[in-house]
Amino acid sequence: MAPTPEEHPNKAAFLLRVRSALGRTEPIVHMPDHPSLKSNAMRQQEKVRTIVARNEARRSPTLDRLARTAAAASWNVRRAGDAEEAASIVAEIAQQSGVKNLVRSAEDVFKRVNIDTALRSVGVSPAILASGRSRSRGALRDMAFRADMGVTGVSYAIAETASCAVIPRKGVARLASLAPPRLILLIEPEQVLETLDDFFAVTRLNRMQARGRATNYFNFISGPSRTADIEQTLTIGVHGPGEVHMVILG
Amino acid sequence: MAEVKSAEFKKASGRALRDEKLQHALEHVMEHFVGARANIIESDFGDESWESMRTRAAAIKQSTLEHLDYYLDMVDKSVRRNGGHVYFADDAAQANAIVLDIAKRNGVKTVIKSKSMVSEEMGVNHILEREGIEPVETDLGEYIIQLAGETPFHIIAPAMHKTRQEVSSLFQEWLKTAPTQDIKRLCVYARDALREKFAAADMGISGANFVVAETGTVCLVTNEGNGRMTTSAPRIHVVLAGMEKIVPAIEDLALFLRLLPRSATGQRITSYNTFVGGPRAPSDEDGPEEFHLVFVDNGRLNLLRDEVMREALRCIRCGACLNHCPVYQKIGGHAYGWVYSGPIGAVVTPPMTNMKVARDLPYASTLCGTCKDVCPVKIDIPRLLLHLRHKVAEGALGERSTTWMERLFVGQWHGAMRNRRALEGKANLGRLLTRPFARGGKVRKLPFAPMVSGWTASRDFPAPAPKSFARLWREELAQDNVHPNGMEQR
Amino acid sequence: MKVLRRLGVDVGFPEDQTCCGQIAFNGGFRSHAADVAKHFLDVFENEEQVVVPSGSCASMIKVYYRELFEDDPETLERAQAVGEKTRELSDYIVNVVGTSDVGAASEGLVTYHDACHLLRELRIKEAPRDLIGGVRGIELQEMEDSNACCGFGGLFSVKFPEISTAILDEKLKNIAESGAGAVVANDCGCLMHIRGAMERRGMNVRAMHIAELLAEDGTDG
Ligand code: SF4
């Protein structure tokens, strides 16, 4: 791992001025009282266990809730009974949109949901958006910008806000869910959490357990890219995908 | 630093009032924001739980400010642990120098920017341009503003004062696109133009909606996707953050992400939230190789130092106080003369820039209190405005700046109000002086009183009653045979 | 006064009274305001109950005196004591005297303007409406955005008359559109402001203090 970057030379003086503006002369040594800061890994684990249990017990209403909030946030929501149906829904959407250039990420969900075969059967051949051996940074970027549809999985989906948490990693490029104008996200039932609180509690634990090797980056995708910057008129699809599909397994 | 034109408030607000097109846009947009916010809060939470969320958010932000040195240190350590760089800039000049240095070191030619109010404070675009580096705003509204060479009109809707025709001719001029009235088309033009920039840029600059101390995570809240582009496509990512942007724990974000979009645009959540705390991991497919977080003071210490004003730093820049302010609804953002407008602009501009230049701003409010009711972090804006007025009227020499007329008026009033007899004497004088101008109990014009002549331009001023209430009271009591103190005589 | 006495309240008008000090306070001249406020306390301290006919004066006494005397604990204590026994007129009648029928009678459609301080500092919203509802022959017709500011703001209307008037225009539009023959408010500032503009424009709507409405007994108009 790269060495930790150095401290900025102005830091000490800056903090000193802040401190004196607050009327203190000494730095604070004990962590201020803030409940969600103080909970250690063990307590956090306990908390997350409860969250997971609750989510398991309430899976079915939570999936319904996700479908509802997603529809309200302009997602096109489809629910699939099984993996096979999910794959054919993806193919159907691609066909309907007249897609030519489809990219997908390389992640586990595609081992279960074989979209490649389904897509080929409708004449679309998916490409995997990953760097591989021969692909440079620029080539990956070009490929992403050329595509007219992206398909990826999610790490979590949050029913409260219809937010899909996408965590880039090996096989999951950031641009796969961002650059193409159309996007399909595949969601598996056990990835769905009820609330934002659930999500951040789980994320905190994941970071603690990753011991400094956690990813520095993740995104919520909660609907189509939109703007109302001209005359307050809602327009869909600016820099990100304007057409967004959510395929929920279950 | 961006120029402070707040001394022009009166003139500029007059211009805005006479601009019909602008009045139309203001009415439309404000109504939309106000309605959307009320609806989503009612449907999702109801008043009571919304209120308790505001209380909790206010407490978290206030406590963070009270321990700001501690949390700044915590962020610094977290981000560096993630492999990012952290800087501390006292003012705009230092912050600009830091950004410029990063750019030059890396031979940067094009910079893409996603919305950052701090960068507006710094005027960083200008600095980059001077060095031959092209800065490109990527938020559609900001992009329009940049092409027009203006400053943002509203915190979250920077170009709301521009019509589609104006945008079309701006694009014609700068992007050589065909004229169109179709807003969708205009968005496509901008998207295509900006796509090229995204692909070419070596550096992305973003603001920060929240900075989480324990994890070093910067949270960006956007709708268009430009925030994601800025943090994904270029090789270097620089974050500019006011030093007050910190929340202690990652779990705090749940609360703030509920409050911010609902207060701002009436959305349940925005289309995108980006969370970034450092450079890409070696195994990542894409993403910036360098991550720099620049904390900026630039006058914020003046707010922090003053125990009353400190709470202004709780602001999460949602714009709700603007949207609900009767004054902002009429004059819009430019009259305030600096980066921040509306009620919160009136609060932070004088202490952050110059109390004398911005002396009109604390008075540019009816103190109606709506801002305080809608603020997601419960900033008591009217109280802060009154505090600033106190400084303008009676503060230290460097801050005080009233006119002789106001002092004369207050002096006279003061004399009268401590003593009923003096009051009645003055009132009698008032009756005498206004009589020539009074018709049917109304004063239509008071030419000799410059302080109130503006009032009588559009409203009648009630002429002093021929008899004071106290005198009527005495007379009535005399008839009823009661003693003036109210005790019936038996 | 008439109304309160009609309700059997023993009313007095301490003749030495002047002002609560809000003008100077809002102008930033706190030392002047404090002097005047102290005079107010001198005059009213020994009364059993202080009833104030204006929302902004009541909120000055009940809310902002705390701020004004922040560094003067002795006066602060006095101010708090007076603040506690100070009630705005409509609040006093409905919640202390305990009635919304003061025996008034009039006729026609009336609309109500929520004065800012009354609503947002003192949170008084229903009492005036109850009282209006209690006047025989009167019907309350709510206007659009009754809780929106009228643009007065005391000093504000003097310093920025153009903006103030533009805000007022909205209010007048909403008053006119309500179709009411009179607009009632519980704040002397708002009323002076609204009345002044309506008269200048020749609008055929009366601007009335709630006490004026409650004083009507059906014989005059
Ligand atoms: S002061 Fe409050 S309402 Fe205004 S922008 Fe800041 S957070 Fe939003």
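**Exercise 1. Which residue just after α2(B) takes a positive phi?** Then determine how the length of this helix compares with expectation, and where its buried residues pack.

*Solution.* The model is a predicted one.

Step 1. The residue is G46(B), whose phi is about 85°.

Step 2. Helix α2 of chain B comprises 25 residues, 20-44. The expected span is 1.5 Å times one less than the number of residues, so a value of 36 Å should result for this helix. The end C-alpha atoms of the helix are 37 Å apart, which agrees.

Step 3. The buried residues of α2(B) are L22(B), A25(B), L26(B), V29(B), M30(B), F33(B) and R37(B).

Step 4. These buried residues pack against four helices of chain B: α1 (9-18), α12 (252-264), α14 (320-324) and α15 (326-331).

**Exercise 2. Describe the contact between chain A and chain B, beginning with the number of residues on each side.**

*Solution.*

Step 1. On the side of chain A, 66 residues are in contact with 80 residues of chain B.

Step 2. Elements of chain A that each supply at least two residues to this side are α1 (11-21), α2 (35-38), α8 (137-146), α9 (196-210), β9 (217-221) and β10 (226-227).

Step 3. Sorted by class, the side of chain A that touches chain B holds 30 nonpolar, 22 polar and 14 charged residues.

Step 4. Strand pairing also links the two chains: β9(A) and β9 (residues 272-276) of chain B run antiparallel over five bridges. Within this pairing, F220(A) stands opposite N273(B).

**Exercise 3. State how many residues surround the ligand, which are the closest, and how the shell divides by class.**

*Solution.*

Step 1. The ligand is surrounded by 14 residues.

Step 2. The closest are C315(B), C318(B), C321(B), I344(B) and C375(B).

Step 3. By class, the shell consists of 11 nonpolar residues, two polar residues and one charged residue.

**Exercise 4. Locate the domains of chain C and characterise the contact between them.**

*Solution.*

Step 1. According to the domain assignment, chain C has domain 1 (2-92) and domain 2 (103-215).

Step 2. The C-alpha centres of these two domains of chain C lie 23 Å apart.

Step 3. In domain 1 of chain C, 18 residues are in contact with 21 residues of domain 2.

Step 4. Helices α1 (2-6), α2 (22-27), α4 (55-68) and α6 (89-97) of chain C each supply at least two residues to the domain 1 side. Of these, α4(C) gives the most, with six residues.

Step 5. The domain 1 side that touches domain 2 has six nonpolar, seven polar and five charged residues.

Technical notes
Residues numbered from 1 in each chain as written. Chains lettered and ligands numbered in written order. Predicted model: local features only at pLDDT ≥ 70, side-chain atom pairs only at ≥ 80, totals over all residues. Buried ≥ 20, exposed ≤ 12 C-beta atoms within 10 Å, placed from the backbone. Contact = placed C-beta atoms within 7 Å. Nonpolar A, V, L, I, M, F, W, Y, C, P; charged D, E, K, R; others polar. Pairing = 2+ DSSP bridges. Near = placed C-beta within 6 Å. Domains from an automatic or database assignment.
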